[in-house]
Amino acid sequence: MDLGIKGKRAIICASSKGLGLGCARALAAAGVDVVMNARGVDALEAAASAIRTEFDVDVTTVAGDIATDTGRAKVLAAAGEVDILVNNAGGPPPGLWQDWDRDDFIKALDANMLAPIAMIKQLVPGMMTRGWGRVVNITSQSVKAPIPQLGLSNAARTGLTGYVAGTSRQVAEKGVIMNNLLPGIHDTDRALALDGGVMEREGITREEARAKRSATIPARRYGTAEEFGATCAFLCSQHAGFIVGQNILLDGGATNATI
């Protein structure tokens with residue numbers, strides 16, 4: 001399928017690895033020039049080099065923390081006029097409800113709610129003026145069904161979801177389409193970290209932890225960055241113009257809900 005976005009320009013936050021990289025690769029495969037951001041320079045440059053070689057698109061890299069004012073300013077300055085924004089950031093650490101204090105919540109809000117909102121506020125007005133734009137926010141299945149040990153993520157990402165619910169419906173008439181992608185367990189560094197938590201709590205091997213977590217998913221496997229990226233690219237395409245303010249689960253059926 002021709003996604004109709006060849007020659008567009010996209011920012012993909014936190015895109016040197018994992019789901020962000022999956023989105024960057026899928027957009028590049030559709031002919032989109034990409035601005036990639038991450039904190040780690042080496043992984044970022046390696047990922048960018050591979051995309052340049054494989055897809056022959058323009059790739060700009062900006063190292064920095066997208067959760068900070070300085071990091072966002074660097075990305076925006078390097079990006080110029082942007083048609084597509086993919087908001088992404090690593091999730092806060094797991095724990096128990098009594099473990100977290102105000103500073104922990106502020107860090108989670110900065111990374112997983114306030115930073116995406118800041119990027120939206122900077123870029124969406126230009127999209128509206130030009131009459132076309134796409135915003136995809138990578139959140140979590142915990143927005144639909146909270147995960148007890150991920151309380152910081154539950155809170156921050158649900159806040160972003162509420163903001164997008166209202167904002168998306170205000171900008172759609174100008175051709176700017178905004179949606180959220182809600183990943184479940186995918187085969188990324190984040191999954192490895194959470195597998196490690198299961199290993200530590202239950203005294204089991206990594207293979208046993210992975211098998212135990214896979215058994216909670218009707219598809220009986222972890223998702224891949226490639227299939228996640230393909231879904232993101234579709235939401236950024238010309239075909240997604242009537243999908244507004246939706247929360248789309250990619251969790252292998254793990255969230256048990258009728259709607």
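Is Ala63 buried, partly exposed or exposed? I started my notebook here: at 25% relative accessibility, Ala63 counts as partly exposed. My cut-offs were under 20% relative accessible area for buried, over 50% for exposed and in between for partly exposed, using a 1.4 Å probe and protein chains only.

**Ground rules.** I am working with a predicted model, where local features need pLDDT of at least 70 and side-chain atom pairs count only at pLDDT 80 or more, while totals for chains, interfaces and linings use all residues. Residues are numbered from 1 along each chain as its sequence is written, and side-chain values use heavy atoms, with hydrogens and water left out.

**Around Ala63.** I found Ala63 in strand E3, residues 59–63. Strands (E, at least two residues) and helices (H or I, at least four) are DSSP runs numbered from the N terminus. Not counting residues up to four places away in sequence, Ala63 touches Ala38, Arg39, Val41, Leu44 and Lys74; contact means heavy atoms within 4.5 Å. I also looked up Leu114, 51 residues apart from Ala63 along the chain, and their C-alpha atoms are separated by 19 Å.

**Ser16.** Next I went to the loop between E1 and H1, where Ser16 is found. Ser16 counts as buried, at 13% relative accessibility. Leaving aside neighbours within four places in sequence, I listed its contacts as Leu21, Asn37, Ala38, Ala43, Leu44 and Ala47.

**The cores.** Which residues touch the most other members of the largest nonpolar core? I noted Ile5, Ile12, Leu27, Met36, Ile84, Val86 and Cys236, out of 33 residues. Such a core is a set of buried Ala, Val, Leu, Ile, Met, Phe, Trp, Tyr and Cys residues joined through side-chain atoms within 4.5 Å. Among the elements that each supply at least two residues are strand E1 (9–12), helix H1 (18–29) and strand E2 (33–38). H1 gives the largest share, six residues. I then met a second, separate core of 22 residues, which includes Ile66, Met113, Leu123 and Val171.

Back at Ile84, I looked up its contacts, again not counting residues up to four places away in sequence. They include Ile5, Leu27, Trp132 and Cys236.

**Rings.** I searched the whole structure for aromatic pairs and got one. Trp100 and Phe105 form this pair, edge-to-face, at 6.2 Å centre to centre with 85° between the planes. Rings of Phe, Tyr and Trp (its six-membered ring) pair if their centres lie within 6.5 Å; planes under 30 degrees apart count as stacked, over 60 as edge-to-face and the rest as tilted. Trp100 is buried at 15% relative accessibility, whereas Phe105 is partly exposed at 31%.

I also checked charges over rings, meaning NZ of Lys or CZ of Arg within 6 Å of the ring centre and within 35 degrees of the ring normal. The charged end of Lys8 sits over the ring of Trp132, 4.2 Å from its centre. Arg210 has its charged end over the ring of Tyr222, 4.2 Å from the centre.

**Helix H7.** In H7 (residues 206–214), I marked Ala209, Arg213 and Ser214 as buried. Seen down the helix axis, the buried residues of H7 fall within an arc of 130°, so they line one face; the arc is that of the directions from the axis to the C-beta atoms. Helix H6 (189–202) is included in what covers them.
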